[in-house]
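Please look over the sequence and the 3D view before reading on.

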Amino acid sequence: MNVPFLDVGAGYAELRAELDAAYHRVMDSGWYILGEEVEAFEREWAAFCGVTHCVGVGNGLEALHLVLRAWGIGEGDEVIVPSNTYIATWLAVSYAGATPVPVEPNEGTYDIDPARIEAAVSDRTRAILPVHLYGQTADMDPINEIAARHGLKVLEDAAQAHGARYKGRRAGSLGHAAGWSFYPGKNLGAFGDAGAVTTDDAELADRVRVLRNYGSRVKYLNEVKGFNSRLDPLQAALLRVKLGHLDEWNARRAAIAVRYLEGLRDIPELRLPRVPAWAEPIWHQFVVRHPRRDALQATLTAQGVGTMIHYPVPPHLSTAYAELGMTPGAYPIAEALANTVLSLPIGPHLGRDAAEAVVGTVRSLGGA
Ligand SMILES: *Cc1c(COP(=O)(O)O)cnc(C)c1O
């Protein structure tokens, strides 16, 4: 049995009628920049996350970048980021002109380790940017406590956490602001690029709203040197349809995760993700670890099971950050994860048979 890593197209097939209706509504409206669809999605996404404001922007990277800009973070400032994340987290800080300061993760949850943050705070630190990696939120209480003690902002990178909860509260409501991506492969995915900022801070929301639209509130009156990073009304309309199915689709992923956690127990050397009691992950990825990861991946590929590595190169060792002059060993936990993590197939359209096939195949390999 062939098991694809992720079938994004299946999402369209399931919701075709609703999505086509939304598409026609926008096309017929004659209105293609900002406007009612974007505003409606912003209201609905804010309500879903349990916050008062949402601003739709072009993508997840821009969501993070515009918040940092709106806070006036730039040249000479430092922002604490996880050493293991998708590079967008770091790039948002670099785009603002500030310096990303990496902090190592907890090996079991993969998220930034709060116990290591304080040692990275300097008199230039302005913000902490935790990532809710793979769909499980970072441990936010200690992070917020450290931030409060040092007068720092907290920006959630929630790009992988649509609907995830921390102690009962949704991602996107756990810091001063959150940046969202609706890249097609995310748990709430558009049909192209899309992103948003959520926050309870009305002033911040207003500033991001101005920054996303050329620095203007009123057409041709430009208050600041802004950007062009607006959520498309077409994507907003399609996202509104998919939002109605997000909880159910996340539940389907959770059922697969339960099956994996149960079925893949006790395989020598195979490590499963740790879920703390306070976490309600939405399983953007199901990430296992194995010391001979490459061999395991090659064998799974040969047997028809699609997998991915998130991520093979930590940002500090990527060519993009060569300027840091970092060598292997600088962030050993992030590097160990990069060398051992493997993402198994998971998604709302992965059937029960497919999940069983993954369990059976991994078990038959004894992990490698
Ligand atoms: C996807 C992602 C982003 C960036 O989102 P884009 O919409 O692709 O710009 C940022 N951070 C993390 C952790 C992501 O997974």
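## The ligand and its surroundings

In this predicted model, an oxygen atom of the ligand lies 2.6 Å from an N or O atom in the side chain of Ser181.

## Helix 3 and helix 6

Two packed helices are described by the angle between their axes and by the distance between those axes. For helix 3, which spans residues 60-70, and helix 6, which spans residues 202-212, the axes come within 9 Å and cross at roughly 115°, and this crossing is right-handed.

On the side of helix 3 the contact is made by Leu66, Val67, Arg69 and Ala70, and on the side of helix 6 by Leu204, Arg207, Val208, Leu211 and Arg212. Sorted by class, these residues comprise six nonpolar and three charged ones, with no polar residue.

## Helix 2 and helix 7

A second pair is formed by helix 2, residues 36-49, and helix 7, residues 233-243, which pack at an angle of about 35° with their axes 8 Å apart. Here helix 2 passes helix 7 in a left-handed crossing.

Helix 2 brings Glu37, Val38, Ala40, Phe41, Glu44, Trp45 and Phe48 to the contact, and helix 7 brings Pro233, Ala236, Ala237, Leu239, Arg240 and Leu243. The contact of helix 2 with helix 7 has ten nonpolar residues and three charged ones, and no polar residue takes part.

## Backbone details in two loops

In the loop between strand 3 (99-103) and strand 4 (125-128) one finds Tyr110, a residue that has a positive phi of about 75° although it is not a glycine.

Another backbone detail concerns the peptide bond from His310 to Tyr311, which is cis, with omega near 10°. Of these two residues, Tyr311 is found in the loop between helix 9 (293-302) and helix 10 (332-340).

Terms used. Residues are numbered from 1 along each chain as its sequence is written. This is a predicted model: local features need pLDDT of at least 70, side-chain atom pairs count only at pLDDT 80 or more; totals for chains, interfaces and linings use all residues. Side-chain values use heavy atoms; hydrogens and water are left out. Axes are lines fitted to C-alpha atoms, for helices over the stretch in contact, and angles run from 0 to 180 degrees between N-to-C directions. Helices (H or I, at least four residues) and strands (E, at least two) are DSSP runs, numbered from the N terminus. A crossing is left-handed if the near helix is turned anticlockwise from the far one by less than a right angle, and right-handed if clockwise. Contact means heavy atoms within 4.5 Å. Ala, Val, Leu, Ile, Met, Phe, Trp, Tyr, Cys and Pro count as nonpolar, Asp, Glu, Lys and Arg as charged, and the others, Gly among them, as polar. A polar contact is a pair of N or O atoms within 3.5 Å; within protein, one must be able to donate a hydrogen and the other to accept it, and residues adjacent in sequence count only if both atoms are side-chain atoms.
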